[in-house]
Amino acid sequence: MLKCNEIANLASDYLDKNLSWKEYFSVKMHLFMCGHCKRFVQHLLSTIRVVQGMERQLATTGETENIVACLPDKNQT
Amino acid sequence: MPDNQIMQNNLDLAGLRNQDHRAFEGLVEKYHRQMVIVARAIIGDSLAEEVVQEAWVSIYSALPAFEGRSSIKTWIYTIVSNQAKTRLRKESRLVSMNDMAEDIPSYLKNERFNDKGGWSSPPPLWDTDSPENLLENDQLKHCIEKTLELLPTVQKSVFLLRDIEQQPLAEICNILHISNSNVRVSLHRARIKLMQVIDKYQETGQC
Ligand SMILES: [Zn+2]
């Protein structure tokens, strides 16, 4: 049976499905029974979604135009 | 020529080899952000944009010679990471790739747990854990942005490549030349640090 501190360490691997089936299942069982860890994993997932929602476009159209404007002439072959 | 030789990931390879500007713009739009992340991981924030600009010029010049033995993505990542490394040597300014000894967030230390490994200081309740609701709070977003900016370079790069650019872990190992376990540890620490920003904001109303 996994302990809460182990869940805290495995939470990202759990969300990324980066665990063996056995580990994954053990985490799932723990979350089924432990409200604190369930909250922890839920908050971690919400955090990822929030930052994804904040994603700003770095490569704006203007930036692409600048890069293209600075290109050398076509290679003479 | 088989179709996948002409079109790769919706890119017009024939146009690219012919240095067609429209095709090149498509390439820049698709990969510029990821290139900046790769360059930042190697050379740091201040010079990354400049290195990427130079890398695009090199890529453009080299396109007629691109043979398609590797994917175009791998090819341009190799060019930008090589140029960033060359520039790093020139600047002779060492940007440490090793931030594993960096401050560990409290959730990953013993201080929040009792001797038996159970919570002694469990995660606090949030008013809401719905991303939509949290995103309505501009002050909170500002706090998250600030923390993201201040993350150690590798943690930030891994987080952006994984959670924003949705790159697979194996690809991130290749791009940043770090081990799988280093990627996973860095990603987890970055996420937890960002989560603790929300914890703190919920408790204090401040960053
Ligand atoms: Zn637990």
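**Figure 1. D138(B) is exposed in this predicted model, with a relative accessible area of 56%.** Its salt-bridge partner is K141(B), and the closest N and O atoms of the pair are 3.5 Å apart. K141(B) is partly exposed, at a relative accessible area of 23%. Both residues belong to helix 7 (residues 138–150) of chain B, where a spacing of three residues separates D138(B) and K141(B) by about one helical turn.

**Figure 2. A salt bridge joins K156(B) and D45(B).** The closest N and O atoms of this pair lie 3.1 Å apart. K156(B) is in helix 8 (residues 153–164) of chain B and D45(B) is in helix 4 (residues 45–62) of chain B, so the contact ties together parts that are 111 residues apart in sequence. K156(B) counts as buried because its relative accessibility of 6% falls under the 20% cut-off. D45(B), with a relative accessible area of 38%, is partly exposed.

**Figure 3. K156(B) also forms a salt bridge with E149(B).** Here the closest N and O atoms are 3.9 Å apart. E149(B) has a relative accessibility of 45% and counts as partly exposed, whereas K156(B) is buried at 6%.

**Figure 4. One salt-bridge network includes residues of chains A and B.** D16(A), R162(B), D163(B) and R191(B) are joined through salt bridges that share partners. Over all chains, the model has 13 salt bridges.

Key
Residues are numbered from 1 along each chain as its sequence is written. Chains are lettered from A and ligands numbered from 1 in the order in which they are written. This is a predicted model: local features need pLDDT of at least 70, side-chain atom pairs count only at pLDDT 80 or more; totals for chains, interfaces and linings use all residues. Side-chain values use heavy atoms; hydrogens and water are left out. A salt bridge is a side-chain nitrogen of Lys or Arg within 4 Å of a carboxyl oxygen of Asp or Glu. Helices (H or I, at least four residues) and strands (E, at least two) are DSSP runs, numbered from the N terminus. Buried means under 20% relative accessible area, exposed over 50%, partly exposed in between (1.4 Å probe, protein chains only).
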